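Q: I would like to learn how the features of a structural model are read, one at a time. Could we take each general idea before the case at hand?

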Amino acid sequence: MLPEVLSGAVVIGVGTITGIFVAVAVSVAPAMAVMERGEYLRAHALLGKGYHPLMPILVNTVMLCGFALAFLTEPPSRFLFLAGSLLLIGVQAVSHLGNVPINRSLGALEAEGAWRDPRPRWRAWHHLRTGLAALALLLDTAAVLMAS
């Protein structure tokens, strides 16, 4: 019973993570890319309040459930759940080492003056973590199907 509950939580969780990342990649980031600097900084501050701390908590919870499933299931599902959780560690690493430092630097910026536009770097990091999450979704879904 526990493996089935955890499997559902992992697939729903990593699907939610991937869906949020895809929505940001195809809608939010392109919209923010065409905003004037002051408008962008305000929008970024407002959007950040909704994503934090939800996303790190969600990613970590799903990752831990996947690690638990790596111990509760047999191969090949065991290895797929393990790989999915390792990919979510990659998502967290990209977030903490790439996106979060950029996010923090925006708080100190003024609406006017010299700046190095962080949006292209932020989008590149975001696309990487979106890809990692999508791959985790693929592997976790395969793991669930193989365990059935």
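This is a predicted model: local features need pLDDT of at least 70, side-chain atom pairs count only at pLDDT 80 or more; totals for chains, interfaces and linings use all residues.

Q: How much of the protein chain counts as buried, and what share of its contacts joins residues 24 or more positions apart?
A: A residue is buried under 20% relative accessible area, exposed over 50% and partly exposed in between, with a 1.4 Å probe and protein chains only. By that rule 39% of the 148 residues count as buried. A contact means heavy atoms within 4.5 Å, and among contacts with a separation of 6 or more, residues 24 or more positions apart account for 80%. Accessible areas come from the Shrake-Rupley method with a 1.4 Å probe, and for residues only the protein chains shown count as cover; the accessible surface of the chain comes to about 8,000 Å², of which 71% belongs to carbon and sulfur atoms.

Q: What is the volume of the largest pocket, and which residues are the closest to its centre?
A: On a 1 Å grid over the protein atoms alone, a pocket is an open set of points with protein on both sides within 12 Å along at least five of seven lines, where a 1.4 Å probe fits, and lining residues have an atom within 4 Å of a point. Grid points are joined across faces, edges and corners, and the volume is the space filled by probe spheres set on the points. The largest pocket has a volume of about 650 Å³, and of the 32 residues that line it, His44, Gly48, His52, Asn103 and Trp122 are the closest to its centre. Two or more lining residues come from each of helix 1 (2-33), helix 2 (37-51), helix 3 (54-72), helix 4 and helix 5 (119-147), with helix 4 giving the largest share, eight residues.

Q: How do the residues of that lining divide by type?
A: Ala, Val, Leu, Ile, Met, Phe, Trp, Tyr, Cys and Pro count as nonpolar, Asp, Glu, Lys and Arg as charged, and the others, Gly among them, as polar. The lining of the largest pocket divides into 19 nonpolar, nine polar and four charged residues.

Q: Which elements give two or more residues to the lining of the second largest pocket?
A: The second largest pocket has a volume of about 160 Å³, and its 13 lining residues include Ser7, Thr73, Val144, Ala147 and Ser148 as the closest to its centre. The elements that give two or more residues to this lining are helix 1 and helix 5, and the lining divides into seven nonpolar, four polar and two charged residues.

Q: Is Ser85 buried or exposed, and which residues is Ser85 in contact with beyond its neighbours within four places in sequence?
A: Ser85 belongs to helix 4 (residues 77-106) and is buried, because its relative accessible area is 2%. Leaving aside those neighbours, Ser85 is in contact with Met63, Gly66 and Phe67.

Q: Is Leu138 buried or exposed?
A: Leu138, in helix 5, is exposed, because its relative accessible area is 55%. The C-alpha atoms of Leu138 and Val14 are 9.4 Å apart, although the two residues are 124 residues apart in sequence.

How values were computed: Residues are numbered from 1 along each chain as its sequence is written. Side-chain values use heavy atoms; hydrogens and water are left out. Helices (H or I, at least four residues) and strands (E, at least two) are DSSP runs, numbered from the N terminus.
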